[in-house]
Amino acid sequence: MFSGGLRLDSPSFFLFLMVSAYWLAVYIRARSKISLVNPQVITVVIVIGYLQALDVPFEKYEPAGNLLSYWLQPAVVCLALPLYRQWRRIGSQLGPVLISQLAGSLVGIVSGVYLALLFGASPAVSAALATKSVTMPIAIEVTQAYGGIVPVAALAVIIAGLTGQLGGLWLMRRVVRRPMSLAVAEGTASHAMGIARCLEISQKYASYATVGLIFNGILTSFIAPYLVPLLLPLT
C-alpha cells in the first residue's frame, strides 16, 4: 500500500482520488457533450473500483468521506451568489414562488413515504425517503430529528439528484415553458445536482434553481419532523 512514501490508503490520498476522479469526469462530460456522462456517477464508480481492487475496508475510507461531507455544508452557502444576482426579479414573484415551494415540499415528503410503503418498504425505510429532495446536509439533520435511517436517506438524496439531473429538465420541458419555473422545479426536486445541471445552461437558471433548493430545504426541515410520523402506519 505504499508508493514513494505515499500511503495509497490514507484519507489524504482518498481526497485526492475523489477530486481527481470528479475533475476527470467533468472533463469527459465537457468533451463528449453527452448528458448521460454524469460526473457524480463516474466518480463513484472510480472510487468504489479503487477500494475494491485494493481491498480497502470502508473504515479506512470513511474519514475522507466525512471530511468531504463536512465541507459540503459551507459549500452550500456559496449558492447564495447566483441567488443574490437575480434577487430583484425573484423578489418580484416571491408570492408564487413560496406557494410553489410549499407544494413542492409537501409532494416531496408525501411521495417519498407513500411510494415506499406502496412497494412494501418498512415504516423505518419509508420515513427515510421523506427527505429525498433536499440537499444532503439538511436531509441528514432532518432524518435524525425524527429517527429515520440516515444511510437510506443519503442514498435517496443521491438517487433523486441523479434522476433530476439526467432527465428532469428534459421531462418538464414537455409541459412547462417558462425558464424560471423549470429551474425552480429542478432545484426543488434535485437540490445541488439540479443546480449543477442548470449551471450548464446559464447563471440565471442556476440562480432560480438555488431558490428551489433553499426554500424546499427550509420548509422540509420544519414540516417533515411533524408530518412524517403522521404518514406512517401505527406499529
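Modeller: Helices (H or I, at least four residues) and strands (E, at least two) are DSSP runs, numbered from the N terminus. Thr 188, for instance, lies in helix 10. Please note that this is a predicted model, in which local features need pLDDT of at least 70 and side-chain atom pairs count only at pLDDT 80 or more, while totals for chains, interfaces and linings use all residues. Residues are numbered from 1 along each chain as its sequence is written, and side-chain values use heavy atoms, with hydrogens and water left out.

Colleague: How many helices and strands are there in the chain?

Modeller: The chain has 11 helices and 2 strands. Read along the sequence, the pattern is β-β-α-α-α-α-α-α-α-α-α-α-α.

Colleague: What does the pLDDT say about the chain?

Modeller: The pLDDT is the predictor's confidence in each residue, from 0 to 100. Its mean over the chain is 82, and 92% of the residues reach 70 or more. Over residues 1–5, however, the pLDDT is below 50. A contact means heavy atoms within 4.5 Å, and this stretch has 8 contacts in the model beyond near neighbours in sequence.

Colleague: Is Thr 188 buried or exposed?

Modeller: Relative accessible area decides this: buried means under 20%, exposed over 50%, and partly exposed in between (1.4 Å probe, protein chains only). Thr 188 has a relative accessible area of 9%, so this residue is buried. By comparison with the cut-offs, Leu 67 is partly exposed at 38%, and Asp 55 is exposed at 65%. Buried residues make up 40% of the 235 residues in the chain.

Colleague: Where are Leu 67 and Asp 55 placed?

Modeller: Leu 67 is in helix 3 (residues 58–77). Asp 55 is in the loop between helix 2 (39–53) and helix 3. This residue has a positive phi of about 55 degrees although it is not a glycine.

Colleague: Which residue is joined to Thr 188 by a polar contact of the side chains?

Modeller: A polar contact is a pair of N or O atoms within 3.5 Å; within protein, one must be able to donate a hydrogen and the other to accept it, and residues adjacent in sequence count only if both atoms are side-chain atoms. The side chain of Thr 188 makes such a contact, of 2.9 Å, with that of Gln 101. Neighbours within four places in sequence aside, Thr 188 is in contact with residues including Gly 104, Ser 133 and Asn 216.

Colleague: With which residues is Cys 198 in contact?

Modeller: Leaving aside neighbours within four places in sequence, the contacts of Cys 198 include Leu 169, Ala 183 and Tyr 205.
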